[in-house]
Amino acid sequence: SNFQPKTDALRSHRNCFAGILPSTAMPFVTFHHLAREWRFKWSPESDNASLMAAQSALNSVLEELSMVKGVQSVQRTVCGECYDFKVTTKLLEQPFTDWKAAGFPPEEEFFKKLKEIPGISEIHAQTYTLEDVKLSRRECTKLHEYQEKEKAEKAKDADPAARKLKAVIIEGGKRGVEIEGAADFGGLHFWSLFVYEPAGDVALLEESLKAMNAKCYLEDMQRRGGSDHIGKMIFSEGPEQIAVLAYVPASRQSEVNCEEWLQAVLSKQTGANILKRDKDVCTGVIPAPAGGVFPLKLGQQLLDDANNFLRARKLYYQAGDEAAEEVYGDEDFPPTAAQGGA
């Protein structure tokens with residue numbers, strides 16, 4: 001998540017100035033406080049006589065100004081180079097609104113006194129937001145960590161292999177949640193599907209499985225994975241081969257032998273072979289035929305072969321004696337393959 005320093009200036013959710021300032025204010029400039037600034041020019045002539053008279057005028061109204069309800073600070077700024085004299089009064093938003101409705105007293109009285117002082121010119125008043133945006137040491141540390149993380153993410157995004165892996169993990173995580181919901185709802189323990197992002201790469205297909213099986217919790221804002229208890233036969237088509245992965249969780253290994261399940265699918269495809277043999281995960285490939293184009297119906301055939309292996313062991317869900325109706329979504333069909341459940 002984005003770094004958000006916990007300062008008054010940045011934790012407010014307000015994004016306008018409630019009619020006090022122009023409504024065109026940037027929506028990301030949030031605030032809690034408003035300030036009224038009185039400013040004017042003084043003259044260095046006559047040994048700074050106008051400056052001393054201006055200070056005297058301020059002293060005469062300072063008690064009343066300080067007693068305005070909600071005033072948090074009154075600051076004076078004097079510049080000896082540009083001859084600016086400024087008085088800045090800071091309040092929370094609601095007290096400021098009340099002060100504005102009353103006419104900002106004692107502004108009128110103060111300005112009247114200034115106009116009577118020789119050498120005082122360019123008398124103006126202005127309203128703006130005024131926030132303390134200094135970061136605490138802890139916030140500085142968090143900001144530094146966030147910036148370093150951003151740099152690392154950008155470096156990863158600049159690497160084509162890292163970008164591809166990221167896409168594989170995102171797709172796998174999403175499919176994991178879909179499988180968990182659909183399989184649990186239907187009482188299924190196995191699922192067959194195609195994924196797009198690995199594009200026939202066996203190593204990336206294994207990363208996709210990891211993402212599907214990643215732990216996920218109901219309170220997570222963006223749930224990914226969660227299907228580690230569901231057995232899977234996963235296919236991914238690439239330009240040179242179809243990568244195939246069989247996964248059987250430990251709780252189902254007494255019902256299905258992972259290698260036998262994969263072999264049952266690959267044995268019907270010319271040139272297919274198994275690359276990895278483990279109790280829980282087995283992988284293999286189906287090379288592309290001459291010409292490099294897989295038959296259009298091959299995707300559905302592979303899904304059917306995976307499901308028929310389960311059906312023979314009475315592990316494929318059926319509502320009755322009739323063949324179970326399989327339902328697929330548009331997103332489950334890669335260019336030449338389809339999606340199925342078991």
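Mentor: What follows begins with the chain as a whole, turns to the sheet, and then takes up the helix contacts.

Please keep in mind that this is a predicted model. The secondary structure of the chain comes to nine helices and ten strands, and buried residues make up 38% of its 342 residues. If you take the contacts between residues at least 6 apart in sequence, 66% of them join residues at least 24 apart.

Now find the open sheet, in which four strands are arranged in the order E2-E3-E1-E4 with antiparallel pairing. Strand E2 (71-78) and strand E4 (121-129) stand at the edges, and each has a single partner strand, so one side of each is left without a neighbour in the sheet. On average, and ignoring direction, neighbouring strands of this sheet are turned by 15° against each other.

Within the sheet, look at strand E1 (residues 33-41) and strand E3 (residues 84-92), which run antiparallel and are joined by nine bridges. Helix H3 (residues 93-101) lies across E1, E3 and E4, and its direction is at about 120° to E3.

From here we can turn to a pair of helices, H2 (residues 45-66) and H4 (residues 107-115), whose axes come within 10 Å and cross at roughly 165°. Angles over 145 degrees count as roughly antiparallel, and H2 and H4 are therefore roughly antiparallel to each other. Their crossing is right-handed. On the H2 side the contact is made by Ala54, Ala57, Leu58, Ser60, Val61 and Glu64, while H4 brings Glu109, Phe110, Lys113 and Leu114. Sorted by class, the contact of H2 with H4 has six nonpolar, one polar and three charged residues.

H6 passes H7 in a right-handed crossing. In this contact Lys164, Leu165, Val168, Ile169, Gly172, Gly173, Arg175, Gly176 and Ile179 of H6 meet Leu204, Glu207, Ser208, Ala211 and Met212 of H7. The residues of the contact of H6 with H7 divide into seven nonpolar, four polar and three charged.

Notes: Residues numbered from 1 in each chain as written. Predicted model: local features only at pLDDT ≥ 70, side-chain atom pairs only at ≥ 80, totals over all residues. Heavy atoms only, no water. Left-handed = near helix turned anticlockwise from the far one by under 90°. Helix = DSSP H or I, 4+ residues; strand = E, 2+ residues; numbered from the N terminus. Contact = heavy atoms within 4.5 Å. Nonpolar A, V, L, I, M, F, W, Y, C, P; charged D, E, K, R; others polar. Pairing = 2+ DSSP bridges. Axes fitted to C-alpha atoms, helices over the stretch in contact; angles between N-to-C directions. Buried < 20%, exposed > 50% of the residue type's maximum accessible area, 1.4 Å probe, protein only. Parallel < 35°, antiparallel > 145°, perpendicular 65-115°, else oblique.
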